[in-house]
Amino acid sequence: MTEPHIYDTIIIGGGPAGLSAGIYAGRATMDTLIIEGDQIGGQVTTTSTVANYPAVETIDGTTLVNKMKQQATDFGVKFTFDTVVDYNFDTKDIKTVTGKTTTYHARSIIIATGAKPHEIGFKGEQDFRGRGVAYCSTCDGELFSGLEVFVIGGGYAAAEEADYLTRFARHVTVVMRSDDFTCPPLTADRARLNPNITIWPNSEVKSVTGQNYLTDATFINNKTHEETSYHVTKDDNTFGMFIYVGTDPQTELFKNTIILDDDQYIITDQQGQTNIPGVFAAGDVISKPLRQIVTAAADGASAATSAEIYVSAQKHRLHVPITRSTATKKTESKPTSGPSSTISDHDTQLPMHKGQWFTNELVQQLQPIFDKLNHDIILHQLTDASEKSHELSSFLTEFSQLSPHMTLQIEAATDEMLDKWHVTHLPNFSLVSADGQPTGIKFSGIPTGHELNSLVLAVYNMAGPGQTIDTQLIERIKHLPKTQIEIGISLTCHFCPDVVAACQHIAAINPNVSAEMIDLQLFPELREAHHIMSVPAMLINQNENVIFGSQSLEEIVTAIETAS
């Protein structure tokens with residue numbers, strides 16, 4: 001029987017705390033694995049602009065964590081996407097973490113599972129989630145262009161995101177239960193001094209209602225108990241309500257062994273260690289007065305440093321050789337299970353690339369993935385005279401030149417061709433096998449921004465070795481019936497690419513399944529037909545029940561099985 005690989009440390013969670021811990025552990029030449037169950041970056045990927053990270057004037061949240069991830073990768077840190085379902089921290093030396101796909105072993109553990117947005121619980125909140133009630137301004141903000149928006153909360157996120165939402169909304173009203181913002185004045189002033197923002201202090205949401213969309217809300221002043229009603233403005237279908245009232249720590253899995261405070265945050269000592277020796281915690285998941293990206297990064301650094309001291313002492317006691325090597329940057333990262341779902345920044349430059357769509361930096365990032373392609377694939381576009389179709393042709397021309405395994409075919413979108421390829425939206429292109437057979441993978445729109453990730457993964461899964469999937473899940477996918485999946489997306493959404501990629505991976509495995517990415521900004525008729533005001537929005541066989549939000553591959557497979 002093969003002995004299991006024993007890591008020096010396993011970090012559970014890939015947000016700023018986990019990534020920072022990875023950077024420090026990797027730089028200390030520890031054998032390090034980061035396990036992420038959802039998306040690298042955590043809550044930061046939903047942050048429109050980070051303006052208080054040292055030495056960085058302003059930066060998009062996703063860009064910041066991508067730089068962190070690349071830095072950790074350069075120091076030899078390994079990544080895997082898995083959902084932790086169990087663990088055993090009882091053993092003195094080697095601890096185990098059990099995921100859905102495998103069991104991992106390590107001498108130390110760093111818990112960096114973070115926190116998720118807190119739901120208020122007012123009447124109608126769940127009923128209108130995705131149809132007016134939202135939790136991510138960067139994902140859904142543009143869907144509320146020209147509409148009224150309410151931001152619920154009075155902390156950092158509420159002030160920052162209210163300011164960001166004025167880029168799209170006609171007007172933003174901040175509804176806070178306290179008499180003033182609870183964040184520092186400079187942050188609060190981003191909302192206070194914005195002429196398109198009104199502030200309602202001492203106010204709370206009592207209920208929301210509507211028909212297909214959110215159309216009515218009732219607010220109550222918690223001092224005077226006076227109620228205020230809002231009805232959607234004439235000629236508007238709906239209005240938006242974005243919730244920013246704090247977070248809930250992701251500690252449910254650990255509550256029986258790790259000591260938590262009254263709010264369910266993990267209690268650690270000054271070294272970042274929990275009540276269990278060798279088990280550390282960092283970031284928004286721990287009990288502390290301030291939860292910001294910079295404090296999460298500091299927590300991760302502290303926990304990794306403490307873990308390195310702990311592991312070194314353990315190895316010395318057990319007479320295990322301590323190997324040290326110079327920590328140097330690597331030019332290529334090799335993920336444990338296929339390419340990462342997030343394309344990140346990279347320092348290395350290629351010779352001058354003169355394309356409109358793909359910079360030297362981006363080509364450098366993509367090249368290691370395309371080098372692994374071992375089958376030919378066709379990008380098949382149906383085009384008309386529209387400007388967007390011409391833009392898509394330009395994009396695909398450049399993209400197809402990134403690998404000799406990709407060929408671009410462009411044909412006129414005649415009625416006959418539209419019918420043949422089952423295309424109802426233009427601009428549109430499909431992935432087609434080398435022998436001319438459709439794969440069921442389609443893109444309606446131009447997959448730029450975050451959606452470039454889903455296109456790259458679709459090509460990798462069709463023309464390369466593909467991402468690793470649990471064998472039992474593969475069998476379930478192969479037995480799925482004929483299914484049409486449509487995924488409504490926004491190019492600014494950080495969660496959409498994962499859902500698109502998962503659906504299209506299913507289509508790559510099962511020829512009975514088709515999966516189409518649809519940019520809702522280009523095709524508002526789909527949004528209106530299904531009353532969609534949040535992304536990602538997944539429709540299975542055009543069912544009226546839209547599935548909103550981030551979904552794992554297994555959750556999507558289960559949804560298809562349930563719908564059939």
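Modeller: The expected span of a helix is 1.5 Å times one less than its number of residues. Helices (H or I, at least four residues) and strands (E, at least two) are DSSP runs numbered from the N terminus. The model is predicted: local features need pLDDT of at least 70, side-chain atom pairs count only at pLDDT 80 or more, and totals for chains, interfaces and linings use all residues. Residues are numbered from 1 along each chain as its sequence is written, and side-chain values use heavy atoms, without hydrogens and water.

Colleague: What span should helix 2 have, and how far apart are its end C-alpha atoms?

Modeller: Helix 2 (residues 61-74) has 14 residues and should span 20 Å; its end C-alpha atoms are 20 Å apart, which agrees. After helix 2 comes Gly76, with a positive phi near 90°.

Colleague: What is the strand order in the open sheet of 5 strands?

Modeller: Strands of a sheet pair through backbone hydrogen bonds, either parallel or antiparallel. Two strands pair if DSSP finds at least two bridges between them. Here the order is 8-15-9-10-11, with parallel pairing. Strand 8 (133-134) and strand 11 (197-200) are the edge strands, each pairing on one side only. Strand 10 (residues 171-175) is joined to strand 11 by 4 bridges, and Val174 has Ile199 of strand 11 as its bridge partner.
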